[in-house]
Every structure is written in structure tokens, then in C-alpha cells.
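Open the model in your viewer and keep the selection tool at hand. This tour says what to select at each stop and what is there.

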Amino acid sequence: MPTVQIKDEARIGTEAKIKLEPSAYLEKLFKTGTPDLGWMNEHGEWGIRAKPGNLGLRLKDIEIGSYGVIPKHGGEHCSMAPRGSFVPNDLPSLGFTLNEKAECWADNAMELYEEAVARQWSSARDIPWDELKPLPDDLERAMCQLCTFLTEVEFIAADAPTRWMSKINQDFLEVKLFLATQAMDEARHTDVFRKRALANGGGLGKASKLSELSLKRIFDSPSFSAQTARLHLLGEGFVLTMFRQGEFIAPSRVDQEIFRRCMQDESRHVGYGTMHLRAQLKERPDLAEEIHEQLDDAETILLQLFSVPESVEPMAILLGGGIKNFDKGMELQGNLWRRIVNEYLQRCDSAGLDRRPRCLLPTDFSKLFNATA
Amino acid sequence: MTSFPAPEWFLALGRMMAAEGEVFRRLGYAEVRFVVRVLDDDGKLEAATAVEIDGYALTNAFKLDGKPFDADFAICAPRAVWAEMLEEIAREGRATLRHTLSSLALVGEHLWLESDDQLREDKFYRYNQTLQELFNLSARLPH
């Protein structure tokens with residue numbers, strides 16, 4: 001059999017600082033030629049035959065036998081040892097801090113992970129960039145400002161949850177897998193809105209101090225569930241409606257495709273957040289007050305965000321079809337604001353959080369200035 | 001010739017969906033059950049069809065004659081709104097700006113969604129491209 005040629009093979013290890021002794025096992029193996037095979041008797045549940053469904057072999061198809069049992073408490077070893085495997089003693093701990101199922105779990109995490117993998121798309125391949133046509137200056141400026149805002153806010157939904165991802169006990173791997181897809185989705189959203197801003201004669205617009213403040217608060221959330229409330233329930237729910245608006249206001253098929261595809265991704269993130277909070281609040285109803293406090297602050301910042309021209313006016317211009325129809329655009333924005341608030345409160349209901357009496361968001365957009373006064 | 005919103009009309013779309021396998025595979029699978037409701041000029045229910053998509057296939061469509069059906073959401077619109085959207089699809093090959101399902105549902109005046117649970121209603125958005133491509137296939141039905 002031909003051997004692999006390795007460059008300067010004779011020099012390898014000649015200056016190594018550490019001398020490694022072969023293990024007793026390897027010495028024995030090379031002396032006797034007899035394999036140990038003890039590992040064959042150290043395993044998890046054996047004889048498992050997962051069967052693929054009509055959509056292939058999905059995570060839910062392998063949740064069988066003992067492998068289908070999600071523990072209430074994550075393994076105390078806090079290592080990356082796969083759930084259900086034979087776990088040796090004295091594994092080095094990775095120091096996970098989210099070790100309770102309720103702290104991160106959502107019953108739809110597996111489903112959303114598989115769906116995310118199946119519904120990935122490419123901003124380079126799947127957007128018909130060739131169809132992009134010059135727009136009137138006011139529309140292009142408004143679209144570019146909107147894209148600037150979205151480029152600014154989207155990646156927080158990757159950066160923030162992944163800070164916690166490494167703290168989640170590996171026994172809840174389904175949640176970590178889902179969060180990884182969310183990070184990938186947000187990477188694509190960041191790239192597609194940046195590309196759109198730079199693809200049609202415009203460029204990036206103005207970054208926002210208030211957006212940055214809301215992102216920082218998400219980033220600094222004191223717990224994963226608190227972050228989920230701020231990020232998934234309010235923030236991403238809000239952006240989901242913006243994506244839907246984006247599909248509606250799209251001045252071209254390029255913009256329509258971008259927003260529609262992002263909308264699909266965002267719905268999964270909102271779905272995870274809602275279900276996680278439902279599970280968490282069921283397990284620990286006492287957390288409702290902490291979640292309410294987080295949402296008090298997040299709603300306040302959202303209201304402030306919608307009190308500056310660079311947030312309000314681009315949407316109104318796009319909704320109205322130009323500056324000349326600004327009033328019409330503001331009227332449409334008012335209708336959509338009601339939808340944002342309605343869907344947000346319905347998601348809170350679905351999560352088991354009675355937010356209605358405490359909600360700071362007025363249902364009437366024209367009352368925003370009263371709410372922030 | 002079958003016409004919207006008869007179950008046979010949706011089943012015909014389902015057959016085209018199967019024939020266009022690669023388009024729908026590229027979009028990714030969908031698992032959703034929904035109702036299409038058509039209202040008359042007075043807002044009264046004229047017809048309702050239950051539709052199921054499982055993976056890359058439209059697996060079932062039937063008339064809802066009081067039969068139990070656990071739908072994720074219902075898409076509701078007066079007949080004239082449905083007709084306008086489908087005529088545009090027939091003419092252009094797909095729903096164009098502001099006449100897509102999502103655009104029409106956004107303002108909620110012409111076409112709206114109904115569901116008991118926002119989480120299940122959100123499937124309309126999760127699978128929106130698939131739903132839109134399904135309706136766009138009606139451009140190829142004989143008119």
C-alpha cells in the first residue's frame with residue numbers, strides 16, 4: 001500500500017519540549033496484537049433501530065427508548081458526553097450553568113431545528129439580484145435606511161443567545177442545535193440586508209443610538225429566560241412583523257423575496273421563544289414578575305425607538321410609496337402598529353404570560369407620543 | 001373543470017406540487033393544516049376547504065361540512081379578493097407585489113387569518129414561501 005508523503009518527515013518532533021510515553025494499552029497491543037475490546041461492553045442502551053419517516057431520519061425519529069428521555073436535570077458531569085452514552089467517571093466539567101431542563105427547553109426545539117436545516121437558503125443564490133432596478137431616490141433612501149436598521153439589529157439574535165448556548169448543559173442538545181440554526185439564520189439576515197443596501201445605487205444609512213441601547217439590554221440580560229422574553233418574544237416578534245411589512249412594501253421582487261425568506265426564519269425564532277417561556281413559566285410561575293420587568297424596560301425602549309425620524313419615516317415612505325404619500329404611509333403604519341401589539345400580546349398569552357394589563361405599548365400608533373411623554 | 005376553492009382544485013395543485021418536486025424540496029418541507037374560507041359579499045361563509053401539507057406533498061383536501069378539523073389557521077377572504085389574487089396569478093404566473101398571501105394578510109382588511117393560538121398561526125409565516133408557490137401553481141390550471 002502506498003504511504004502518504006509528509007513534507008520534512010524526519011524533522012517532525014525533533015525539537016518537541018515534551019516526551020510522551022506510549023500507554024500501557026498500546027504497548028500491550030503492539031506486543032500481543034490482541035485488541036482489548038472492553039469498550040464494546042461499555043455503552044448506552046443497545047439494539048436501537050430508529051426508523052426514518054417520510055421526511056427522512058429526523059431528531060424526533062431517534063428520540064426512542066432511553067434516548068428519548070429528556071432529563072429534568074442535566075448530567076452533573078457537565079461535560080460534552082452525549083446523552084445516553086456510557087459516561088466514565090471524573091470527566092472534566094465545562095462548567096455549564098443552565099442545568100435544569102426548564103431553564104432552556106422548548107417542546108418544539110427539535111421540530112424547529114429540523115425545519116431550519118431543511119429551509120436554509122442562500123442570499124447569493126436564491127435572491128434574483130439581476131432583477132433589481134433603480135428606484136426613485138426617496139424610496140431607495142428609505143429602503144437603505146431600513147436595511148441599515150435591520151443589519152444593525154439582526155446579529156444580536158446570534159450573538160446574544162450563543163453567549164448562553166455554551167452555558168447550556170449538553171443533555172439539552174436539541175436546544176443548542178436549534179440556537180445554532182438561529183445564529184446561522186441571523187448571519188444570513190445580516191448579510192442579505194447589507195447586500196441589499198449596497199446593491200442598488202444607495203448605501204448604508206444612519207445607525208441608531210436607541211437601537212444600540214435595546215441591543216445592549218438584550219445582550220446584558222441577567223438570565224436566558226429574561227433574554228428570551230426580550231429577544232424572542234418582543235424583539236423578534238417585532239422584527240417578524242417588520243419583515244411582513246417589508247414583503248408588503250417591497251418596491252421590487254428582489255426586496256419581496258428577501259423579506260419573505262427572512263420572515264420564515266424569524267417565525268421559527270419566535271416559535272422557540274414562545275414555547276420556551278411557556279415551559280419555563282409552567283415550571284416556575286414565580287419568574288413571571290422578572291419577565292414582566294424585562295418587558296417593561298424592553299417596551300419602553302421600543303417606544304423610544306419609534307420616536308425618532310430614522311425609525312418612523314423610512315417605513316412610512318415605503319408604505320405610502322414615496323414622500324408624496326407620507327400621510328397615507330403613516331396611516332398604514334398605524335394599522336400595522338396595532339397588528340404588532342396584537343400579535344405580541346397573543347404570543348404572551350400563548351407563553352402563559354398575562355401581559356395585557358401591564359403592557360406599555362399603546363394600541364393606537366398616534367398615542368405613541370403620549371405613551372413616551 | 002374544477003374551480004377554487006373546491007377540494008379537487010387543491011388536489012390538482014397537489015399533483016403539480018409533486019411534479020415540481022425540486023422547487024418545493026429546495027424551499028424545505030412544511031407540516032401544516034389550514035382552512036381556506038371564502039365569504040360572500042355579506043360576509044357569510046360560502047365555502048371552506050381543509051388542506052394538509054405534509055413534507056413536500058399536499059396530502060389531503062376536503063370540503064369542511066361541519067367535519068372536525070384541527071387546523072393551524074384559517075385563511076379567510078371574500079370571493080372577490082380571492083378572485084383578484086388568482087386572476088393575477090393566472091395573468092402573471094405568480095402573485096406580484098402587494099397581492100401575495102402575506103401582503104394581503106398583513107393589513108388584514110381584504111384577507112385575514114384566524115387561529116386560536118398565535119404559535120400555530122405563525123406557521124403561515126414559517127411556511128409562507130411554500131404556500132405562495134402552491135397558489136402560484138394555479139397559473140397552470142386551465143381557465
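**Before you start**

This is a predicted model, in which local features need pLDDT of at least 70, side-chain atom pairs count only at pLDDT 80 or more, and totals for chains, interfaces and linings use all residues. Residues are numbered from 1 along each chain as its sequence is written, while chains are lettered from A and ligands numbered from 1 in the order in which they are written.

**Stop 1: chain A**

Select chain A and colour by secondary structure. There are 12 helices and zero strands. Helices (H or I, at least four residues) and strands (E, at least two) are DSSP runs, numbered from the N terminus. Along the principal axes, the C-alpha atoms of chain A fill a box of roughly 90 × 55 × 50 Å. Of the 373 residues in chain A, 41% are buried. A residue is buried if 20 or more other C-beta atoms, placed from the backbone, lie within 10 Å of its own, exposed if 12 or fewer, and partly exposed in between.

**Stop 2: helix 6 of chain A**

Select residues 209–219 of chain A, which form helix 6. Which residues of helix 6 of chain A are buried? They are Ser211(A), Ser214(A), Leu215(A), Arg217(A) and Ile218(A). The face turned away from the buried side carries the exposed residues Lys209(A) and Lys216(A).

**Stop 3: the nonpolar cores**

A nonpolar core is a set of buried Ala, Val, Leu, Ile, Met, Phe, Trp, Tyr and Cys residues joined through C-beta atoms within 7 Å. The largest core has 99 residues, and Leu146(A), Leu234(A), Leu318(A), Val51(B), Leu58(B) and Ile75(B) touch the most other members. Helix 7 of chain A gives the largest share of this core, 12 residues. A second, separate core has 22 residues, including Trp105(A) and Phe178(A).

**Stop 4: the sheet of chain B**

Switch to chain B. Five strands form an open sheet in the order 3-2-1-4-5, with mixed pairing; two strands pair if DSSP finds at least two bridges between them. Strand 3 (57–63) and strand 5 (112–114) each have a single partner strand, so one side of each is left without a neighbour in the sheet.

Next, select strand 1 (residues 30–39) of chain B, which pairs with strand 4 (residues 73–78) of chain B in the parallel sense over six bridges. In strand 4, Ala74(B) is the bridge partner of Val35(B). Strand 1 and strand 2 of chain B run antiparallel and are joined by 10 bridges. Their hairpin has five residues between the strands, and Gly43(B) there takes a positive phi near 80 degrees.

**Stop 5: where the chains meet**

Show both chains. The contact takes 21 residues from chain B and 28 residues from chain A; two residues are in contact if their C-beta atoms, placed from the backbone, lie within 7 Å. On the side of chain B that touches chain A, the largest share, four residues, comes from helix 4 of chain B.
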